[in-house]
Amino acid sequence: MTRISSTVKIENNIQELRTGKGLTQQELAEAVGVTRATGVALESGDYNPSLELAFRLSKFFNKKIDDLFRVKSK
Amino acid sequence: MEKLNLWIQKYLVWVFPNVVATTVWDYFQSDTEIRAMNSFLLTALWEVMSWGLIIWFLCLFIFMVLLVFRKDTQELTIKRLAGIKERDEREEIITGHAARRSFVSTTSFLIFLFFLSSMQVNIARNPDQAVDGKKSSLTLGLKFSPTDEPKTVSEDGKVIYEHRDIPLSKSAILLLVLVWQVASFRFRVRRELKVT
């Protein structure tokens, strides 16, 4: 059986996509229904979002979840 | 209900200095002494402050009941305690982690205090009565009593009822809080498991 470590670090490219759209952190946070602090933590990789938020981001940027998030290679 | 919550919380916070002031004033001058001064201004001020105190206690009671049973009051209180203006999934996780840790630490602290309150240590020295050649003794024990020693009753018979504190012993209060904390936690967990 393959064991997956519980301390998987997940990277995302939300910051690039946000700046690409010319949005501020506040605007993106409001668009996906979170606080600005959560938006900042998401972009810096300090917070792994819930599946629901991941889908909201995916829908907002019109990208697949795989295109937004990936497991950080060691 | 949310407005009532807000009003009660605001009243409790803003009128708290009045509660402290009334208590301090009452410590130095009794109600009879204040009235004996025959000053309209002082008596009026004392009346207003006393009514403020009575309403404050009433609000505190309502707030405690709401805090136990109402989810919106609990959310509002957690938000204020955590210093968070808005709530989203990340803040819920943060407050959840904080609550979990504080729950465990409070429970362990309560268990420690409970055993401390019911523990009895006795070190005695009896030079005249040596037992097996030993003149000192150390006794350790646990004693649990649900109520404190009975209080003395007014002998002149003037006082019909007087309330000073909770008629439970320290151990009983600690045990009650401990049982309440663990039972309410388990109840909430079970309810949350049913919902999700």
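Predicted model: local features only at pLDDT ≥ 70, side-chain atom pairs only at ≥ 80, totals over all residues.
Residues are numbered from 1 along each chain as its sequence is written, while chains are lettered from A and ligands numbered from 1 in the order in which they are written.

Start with chain A. It has five helices and two strands. Helices (H or I, at least four residues) and strands (E, at least two) are DSSP runs, numbered from the N terminus. Along the sequence the order in chain A is β-α-α-α-α-α-β. Of the 74 residues in chain A, 18% are buried. A residue is buried if 20 or more other C-beta atoms lie within 10 Å of its own, exposed if 12 or fewer, and partly exposed in between, with C-beta atoms placed from the backbone. Contacts tell a further part of the story. Two residues are in contact if their C-beta atoms, placed from the backbone, lie within 7 Å. Among the contacts in chain A with a separation of 6 or more, 52% join residues 24 or more positions apart.

Arg18(A) sits in helix H1 (residues 14-20) of chain A. Is Arg18(A) buried or exposed? Arg18(A) is buried, because 22 other C-beta atoms lie within 10 Å. Leaving aside residues up to four places away in sequence, Arg18(A) touches Leu23(A) and Leu28(A). The C-alpha atoms of Arg18(A) and Phe61(A) are separated by 8.4 Å, with the two residues 43 apart along the chain.

Helix H2 (residues 25-32) and helix H3 (residues 36-43) of chain A have axes that come within 8 Å and cross at roughly 105°. H2(A) is therefore roughly perpendicular to H3(A). Axes are lines fitted to C-alpha atoms, for helices over the stretch in contact, and angles run from 0 to 180 degrees between N-to-C directions. Angles under 35 degrees count as roughly parallel, over 145 as roughly antiparallel, 65 to 115 as roughly perpendicular and the rest as oblique. From H2(A), the residues Gln25(A), Gln26(A), Leu28(A) and Ala29(A) meet Arg36(A), Thr38(A), Gly39(A) and Val40(A) in H3(A). This contact of H2(A) with H3(A) has three nonpolar, four polar and one charged residues. Ala, Val, Leu, Ile, Met, Phe, Trp, Tyr, Cys and Pro count as nonpolar, Asp, Glu, Lys and Arg as charged, and the others, Gly among them, as polar.

Further along chain A, Asn62(A) lies in the loop between helix H4 (51-61) and helix H5 (65-68). Its phi is near 55°, a positive value in a residue other than glycine. Asn62(A) is exposed, because 8 other C-beta atoms lie within 10 Å.

Now cross to chain B. Five residues of chain B are in contact with seven residues of chain A. On the chain B side, these are five charged residues, with no nonpolar and no polar ones.

Within chain B, helix H4 (residues 40-69) meets two other helices. Take helix H1 (residues 2-14) of chain B: its axis comes within 10 Å of that of H4(B), and the two cross at roughly 130°. H1(B) is therefore oblique to H4(B). The crossing is left-handed, meaning that the near helix is turned anticlockwise from the far one by less than a right angle (right-handed if clockwise). Asn5(B), Ile8(B), Gln9(B), Tyr11(B) and Leu12(B) in H1(B) meet a set in H4(B) that includes Trp56(B), Cys59(B) and Phe63(B). The contact of H1(B) with H4(B) has nine nonpolar, two polar and no charged residues.

Helix H2 (residues 16-28) of chain B also approaches H4(B), with axes within 9 Å and a crossing of roughly 120°. H2(B) is therefore oblique to H4(B). H2(B) too passes H4(B) in a left-handed crossing. Residues of H4(B) that meet H2(B) include Met49(B), Leu53(B) and Trp56(B). Here the classes are five nonpolar, four polar and no charged.

Asn38(B) is found in the loop between helix H3 (31-36) and H4 of chain B. Its phi is positive, about 55°, although Asn38(B) is not a glycine.

Strand S1 (residues 119-125) and strand S2 (residues 136-142) run antiparallel, joined by seven bridges. Two strands pair if DSSP finds at least two bridges between them. Met119(B) stands opposite Leu142(B), and Arg125(B) stands opposite Ser136(B).
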